[in-house]
Each structure stands twice: as structure tokens, then as C-alpha cells.
Amino acid sequence: MRAVEVGHEVVGFDVNTTRVDLLASGRSFVDDVSDGDAAAAVGSGRFVPTVDPARLAGFDVAVVTVPTPLRDGAPDLGHVEEAARILAPHVREGCCVILESTTYPGSTEEIFIPLLEAGSGLTAGRDFRVGYSPERIDPSNRTWGFRNTPKLTSGVDRASAEAVAEFYGELVDDVVPVPGTREAELAKLLENTYRHVNIALVNELAIFCNELGIDVWSVLDAAATKPFGFMRFEPGPGVGGHCLPIDPSYLSWQVRRSLGRTFRFVEIANDVNDHMPDYVVSRVTAHLNRDKKPVNGSTVLLLGLTYKRNSRDVRHSPAMMVAERLQKLGANLLAADPHLEAADVPGGITLVDCTDDQLGAADLIVVLTDHDALDWAAVERHAPRVFDTRNRLAAGVADRL
Ligand SMILES: NC(=O)c1ccc[n+]([C@@H]2O[C@H](COP(=O)([O-])OP(=O)(O)OC[C@H]3O[C@@H](n4cnc5c(N)ncnc54)[C@H](O)[C@@H]3O)[C@@H](O)[C@H]2O)c1
């Protein structure tokens, strides 16, 4: 969208016909891009969403942002490889290809470039430019978006580094050149691993605090008043999305493969964060037990199913994991999530509105994702039956994580 805005002619190539058709009709599937933005881009005549690889011909700059998931715990670069194969025949002398997908150090040079070279008959660096510039978007963050978040750039040689920095220099406020592609790849993994580890730290603290009878949120409020040396992270029902459950494992996988060693911080963080949905279920069970009710047959209303506030992304959502476990235990599950439609919700969960009637009828209400669009005043009226994993309700009002 930003490249269109600054005047480039942009081809949006994707293998997913549904997404391309949606964009072509001026509608967006991305949280931070409105339908209006997508329609304006298409209407400008300088944005062409397509599934036709022939439209890739003649590009000056190509940006590759395909998924990099895990398969059986190991990085799956199949989409990056496929994208490179599709792009390669269209690589010409002087063009620039940039990888943005999150991946382990060495991917650009060891996997991406050989495929571009093989399919084009040209040599990276000498004939065309190649670089790596990690995607840093924090979905739904209204303060930090694509434009004002500094963009790390790198290239396989000096000319590539300059071409990548020049391209993004037009699109974002600050470009930060990094000495090499490996450093840029690892910087992205470090950012996400740092977040993953610190969330695990406060999650484990939250569990111990509950057992010690100490309010973890008050502890965080207190510690966060220190103006240096402390950064606040929030406990919750686990981590989700495309980044935190995956990226740190790219790093630990590579350390194990290359050095034969264990990246212990990543392993511990995975262990703690992966356990959080089970912990939430244990607290739900305790709540119902206090009211002399079994999980089996109780009506549990889940507030929020996406992995993140104000987002519609359910990928690896811990809320979904909580739902799955409660369902297995026989709970009658209702969910209120204004960002989802019935088709997004797994079978067995009834999507409802967050009304007084629904809140009043539930044996227990569990806050899993604190979307702003939920009616928090109404939720608070039912506070004695609310278990809040997100610190949305005030201290002393409801039981919190
Ligand atoms: N979503 C985020 O907030 C975010 C933030 C930082 C980094 N990243 C990274 O960006 C990358 C993409 O993530 P995403 O969330 O946008 O994924 P996504 O699955 O939403 O989108 C990727 C798109 O790539 C398409 N695709 C797959 N193979 C293709 C191919 N060969 N040719 C053309 N298109 C192809 C898919 O159809 C899909 O539409 C990942 O590496 C991710 O880790 C994402």
C-alpha cells in the first residue's frame, strides 16, 4: 500500500486466489489495511493483485513476504523456495530482490539466492541485487506502523545494501542499514525471542504469584515505575500469532543444527508459554469447583478467541487451545468475539454477542482476549463469575490470572 502511495506501480502476486480476488475488488484481509485503502490502491491503477506469474515480468524491485512456518518442529522454507523459483525467470540485470520473511541466519544466501541464480542464469551481486529486510509489523498497533517503525536493511554486497536502503528510504521514515544479511536475519529472531522469553518470565511469575497470594499485576505496576533497566511484559493465556510460537524455534533449530547445542532460553520459554492454556484450564476448573460445578456440562463463555487484542488473527491462538481443552472436558462453550464470524469458530463453540443475558446465563466467563469492542461495563456487572487472564477488569473486581 505504501509503495503505491509513493507512486510505484505495484504487482501484488499471490498463489491464493481468494485473497487476490478480494484485493482486486477493493477489500482487505489485513487488519491494518482498511477496505478504503485497498480500494484506493486498486482505483489508482497502480496496484494490480494477481495470481498470474507472467505479471512479474519487468520488475525493478521484488519483495518476498511468504510464510515461514514450522513443520515437525523444523523450519519449513518451502514457500520461500517456491517464491524464488517463480520469480527467478523474471530476474534481470540491475533488478533488486528483497526477502522479508522471518527466517534463520543464512537463509537468504544459502537458500534464496541459489534458486534465483539457477532460474535466471545471473549472479547475485554482480548482475542483480539481493537483500534481506525483516518485516516488523505489530498488527493493530496504532502507534507504531509500517511507516514509522525503523526498517532494518541489508544486502549481499555493497551495491545490494545501497539498493535495498534506497528502496525502503522512500517508503519509511527511518532506514537502519545492517552490515550483512545474516545479521539482519538474526536481529529479527532476536527481537521475537526477546519478547517470547520475557513473556515466559512473567507467565511463570503469574503462576507462582497466584500460589503465593500475591497480585502479579500490582507487582508489574510497581516494577514498571523504574525508568531504566526494566521493560514491562504482560502475562496471559499463552502466546499466539505467526511470530512468537514459531520464530524462536527457527533460532533454536539452527543453533542445534549448526553447533549441536541447545538454546536453553528458547526451550524454557516454549515450555512455559506452551503450558499456559493448560494452566488457564486448571484455574477454570478450580473456579467451577468452588461453585460445586464440574467442567462437564457447565456453560463457559469465552471472551475473545483471537491471539491478540483488536485483531482477527486466530493463528496459533492460545484462546483456541483453551477452548479445545475445555471442549474435551465436556464444557458447553460459548464465545463472544466481535472480530470473528461463525465460520471462523471451530465446531462445538457457539458464537454469541457479549450481552447481559449471555453473561448472566454463563456458569463462568473467561476473558481470553480483551478486544476494545467488547462491552466491558456489562462484563464487570457479572464480575463474581469472571476469570480475567488479561487484566482488563480492575483489581479486586474479578479474579485475575
Ligand atoms: N503478520 C505479521 O504480523 C508478521 C510480522 C512480522 C513478520 N512476519 C513474517 O512475514 C512472513 C509472512 O507472514 P504473513 O503473516 O504475512 O503470512 P500470510 O500467510 O498471512 O501471508 C503470506 C502470503 O504468501 C502467499 N504465498 C505463499 N506461497 C507463495 C508463493 N510461492 N508465491 C506467492 N505468494 C505465496 C500466501 O498465499 C499468503 O497469502 C512470515 O515469515 C512471518 O513470520 C509477519
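Tutor: A salt bridge is counted where a side-chain nitrogen of Lys or Arg lies within 4 Å of a carboxyl oxygen of Asp or Glu. Keep in mind that the model before us is predicted.

Student: How many salt bridges does a search of the whole structure find?

Tutor: The search finds 27 salt bridges. One of them joins Arg-92 to Asp-60, with 3.3 Å between the closest N and O atoms. These partners belong to distant parts of the chain, 32 residues apart, since Arg-92 sits in the loop between helix H4 (78-87) and strand S6 (96-99), while Asp-60 sits in the loop between strand S2 (47-50) and strand S3 (61-64).

Student: Is Asp-60 buried or exposed?

Tutor: Asp-60 has a relative accessible area of 56%, and a residue over 50% is called exposed, so Asp-60 is exposed.

Student: Which parts of the chain does the pair of Lys-308 and Asp-138 link?

Tutor: Their side chains meet in a salt bridge at 2.3 Å, N to O. The pair links the loop between strand S10 (299-303) and helix H11 (318-328), which holds Lys-308, with the loop between strand S7 (129-132) and strand S8 (151-155), which holds Asp-138, and the two residues are 170 residues apart. Asp-138 counts as partly exposed, at 33% relative accessibility.

Student: Where do Asp-221 and Arg-232 lie?

Tutor: Asp-221 is in helix H8 (residues 216-223), and Arg-232 is in the loop between H8 and helix H9 (247-259), 11 residues apart. Their closest N and O atoms are 2.7 Å apart. Asp-221 is partly exposed at 43%, and Arg-232 is partly exposed at 28%.

Notes: Residues are numbered from 1 along each chain as its sequence is written. This is a predicted model: local features need pLDDT of at least 70, side-chain atom pairs count only at pLDDT 80 or more; totals for chains, interfaces and linings use all residues. Side-chain values use heavy atoms; hydrogens and water are left out. Helices (H or I, at least four residues) and strands (E, at least two) are DSSP runs, numbered from the N terminus. Buried means under 20% relative accessible area, exposed over 50%, partly exposed in between (1.4 Å probe, protein chains only).
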